Amino acid sequence: MIKTDILIIGAGPTGLFAVFEAGLLKLKCHLIDALPQAGGQCSEIYPKKPIYDIPGFPEVLAGDLVDNLMEQIKPFQPGFTLGERAETIKKLTDGSFVVTTNKGTEHHAPIVAIAGGLGSFEPRKPLLENLAKFEDNGVAYMIKDPEVYRDKKVVIAGGGDSALDWSIFLANVASEVTLVHRRNEFRGALDSVEKVQELKNQGKINLVTPGEIIGLNGINSLESVLIRKTTDAKEDITLAVDAFIPLFGLSPKLGPIGDWGLEIEKNAIKVDTFDYQTNIPGIYAIGDVNTYPGKLKLILCGFHEATLMCQSAFQKIFPDKKYVMKYTTVGGVSGFDGSKKEAPKAVVKAIE
Ligand SMILES: Cc1cc2nc3c(=O)[nH]c(=O)nc-3n(C[C@H](O)[C@H](O)[C@H](O)COP(=O)(O)OP(=O)(O)OC[C@H]3O[C@@H](n4cnc5c(N)ncnc54)[C@H](O)[C@@H]3O)c2cc1C
C-alpha cells in the first residue's frame with residue numbers, strides 16, 4: 001500500500017502545484033492520474049498552445065508550463081501512479097482514506113485532494129453522417145502538435161476560446177485557415193476575437209459566420225468539406241481541405257468520483273471557499289473539478305485553491321502545530337533527493 005500525507009487525484013496543473021505548496025509545509029504528496037503523463041488538459045489537449053494569463057509569464061506554451069511545474073516540485077519528490085484511474089474510496093475509523101485504482105493499486109492518506117479537472121473528457125462532436133470515417137483521417141477534435149498542420153489547408157469550427165486561439169496560432173503555420181462559426185458573435189476573449197478580425201483583414205484567416213459544416217467528402221481521407229453560409233440567402237460552398245477540426249468543447253464526465261458521496265452540482269464538486277473542503281471532512285476538491293459561487297475554471301485559480309487547501313490540510317494533520325507561512329526562500333537545506341540543488345522552503349512566523 002502506498003502511504004503519503006496528501007493523496008492528490010489528478011496530475012493537472014492544479015495537482016502539480018499542490019505538491020509544491022504541500023512541500024513548503026513539509027507534507028509529502030502522491031498523485032494518481034488516469035492519463036499516462038502529468039499535465040492534465042495542458043498536456044493532453046493543448047501542449048503547444050500559448051497561455052497568456054499565467055502571472056509573470058507574458059506567454060508560455062501549455063507543455064512548457066507543465067515542464068516548469070514538474071521542475072518546481074522535483075525537490076519534494078512526489079510519488080506518481082500514472083495510467084490508473086482512482087475508482088473507490090474507503091474511510092477508515094481513524095478518519096484516513098484508502099483510495100484504490102482500476103488496476104487495484106491502494107493508496108493510504110489522511111488527506112485526499114481531488115484535482116480531477118474535467119474528469120475523463122470527451123469531445124463534443126458535430127452531427128455529421130460520415131464523421132467516424134474521417135476520424136484520425138483528416139478530422140481531429142484536439143490539436144496536440146500544430147506542426148501536423150504545417151502548409152496544410154485547415155478548417156476549424158467553433159466559437160469559443162479554443163477555436164479562436166488555434167485559428168490565430170495556425171494562421172502562421174497552415175497554408176490556409178478557415179474559421180466557421182454558426183453565429184456572428186464569438187464566446188471567446190474579446191482580445192482573441194479582435195485578433196481573428198485583424199488576421200481576416202490581412203487575408204490570413206477566412207472567416208465564415210454565420211455558417212456551419214454540413215458535409216465531409218473524401219475517398220480514403222478527408223478531401224473537402226461542404227460549408228453552408230446560413231445568412232438569409234443560404235449558400236453552400238465546397239472547400240478543399242486537408243483537415244477539419246471541430247472545437248466545440250468537451251463534455252465533462254466526473255467518472256467514479258461522482259459516486260463517492262460528495263455533493264455534486266452540474267458535474268462539479270461543491271466546496272467551502274474557506275479551504276476548498278468538500279462535504280466530507282478530509283476530502284478537498286481543487287481546480288476545474290470544484291464549484292462555488294463565482295468559480296472560474298482557470299489555471300491561476302487552481303493554484304490559489306491548492307495553496308489554501310494545503311494550509312488547511314496541515315492543520316488537520318497536525319492540529320496542535322501552528323505554522324504561519326509568510327513567503328518562500330531557499331537555503332539552509334539541501335535538495336531532498338540528495339542533490340546539491342536546494343529545495344525551496346517557507347519562511348515561517350511561528351511553529352509551535
Ligand atoms: C483548449 C483549452 C485552452 C485553455 N486555455 C487556458 C488558458 O489560456 N488559461 C487558463 O488559465 N486556462 C486555460 N484552460 C483551462 C485550463 O486548462 C484548466 O483550468 C486547467 O487545466 C485545470 O487544471 P486542473 O489541474 O484542475 O485539471 P486538468 O488539467 O483537467 O487535470 C485533471 C487531471 O485529473 C485526471 N483525472 C480525472 N479523474 C481522475 C480519476 N478518477 N483518477 C485519476 N485521474 C483522474 C485527468 O486525467 C487529468 O489529467 C484551457 C483549457 C482548454 C481545454
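Which residue in β21 stands opposite I264?

Author: I269 does: I264 faces this residue in β21. Some ground rules come before the rest. The model is predicted, so local features need pLDDT of at least 70 and side-chain atom pairs pLDDT 80 or more, while totals for chains, interfaces and linings use all residues. Numbering starts from 1 along each chain as its sequence is written, and side-chain values use heavy atoms, without hydrogens or water.

Strands (E, at least two residues) and helices (H or I, at least four) are DSSP runs, numbered from the N terminus. Two strands pair if DSSP finds at least two bridges between them. β20 and β21 run antiparallel, joined by two bridges.

Charges meet here too. E265 and K270 form a salt bridge, with 3.6 Å between the closest N and O atoms. The term means a side-chain nitrogen of Lys or Arg within 4 Å of a carboxyl oxygen of Asp or Glu. Through shared partners, salt bridges link E263, E265 and K270 into one network. E265 is partly exposed at 38% relative accessibility. K270 is also partly exposed, at 33%. The scale is simple: buried is under 20% relative accessible area, exposed is over 50%, and partly exposed lies in between (1.4 Å probe, protein chains only).

Next comes D275. This residue sits in the loop between β21 (268-270) and β22 (283-285). D275 is buried but has no salt bridge. The nearest side chain of opposite charge is K316, 6.4 Å away. For charge, Lys and Arg count as positive, Asp and Glu as negative; His and the chain ends are not counted. The D275 side chain does have a polar contact with the side chain of Q277, at 3.1 Å. A polar contact is a pair of N or O atoms within 3.5 Å; within protein, one must be able to donate a hydrogen and the other to accept it, and residues adjacent in sequence count only if both atoms are side-chain atoms. Neighbours within four places in sequence aside, D275 is in contact with Y284, L308, M309 and S312. Contact means heavy atoms within 4.5 Å.

**Another sheet to set beside this one**

An open sheet of four strands runs β14-β13-β12-β18, with parallel pairing. β14 (206-208) and β18 (243-246) are its edge strands, and each pairs on one side only. Neighbouring strands are turned by 20° against each other on average, direction ignored. Axes are lines fitted to C-alpha atoms, for helices over the stretch in contact; angles run from 0 to 180 degrees between N-to-C directions.

Look inside that sheet. β12 (residues 153-157) and β13 (residues 176-180) run parallel and share five bridges. There, V154 stands opposite V177 of β13. Helix α5 (residues 161-170) packs on the sheet and touches β12, β13 and β18. The helix direction makes about 165° with that of β12.

α5 also carries a charged tie. D165 and K49 form a salt bridge at 3.0 Å, N to O. D165 is in α5 and K49 in the loop between α2 (40-44) and β4 (50-51), so the pair ties together parts that are 116 residues apart in sequence. Both D165 and K49 are buried.

For a local pair, take K195 and D191. Their closest N and O atoms are 3.9 Å apart, in a salt bridge. Both lie in helix α6 (residues 190-201), four residues apart, about one turn of the helix. K195 is partly exposed, with a relative accessible area of 30%. D191 is partly exposed as well, at 47%. The salt bridge count comes to 11.

**One more loop, then the whole**

S96 lies between β7 (86-91) and β8 (97-101), in a loop. S96 is buried because its relative accessibility is 5%. Its side chain makes a polar contact of 2.6 Å with that of D94. Beyond neighbours within four places in sequence, S96 is in contact with K90, K91, H108, A109 and P110.

Now step back. The protein has seven helices and 25 strands. Of its 352 residues, 49% are buried. The C-alpha atoms fill a box of roughly 75 × 40 × 35 Å along the principal axes. Among contacts between residues at least 6 apart in sequence, 56% join residues at least 24 apart.
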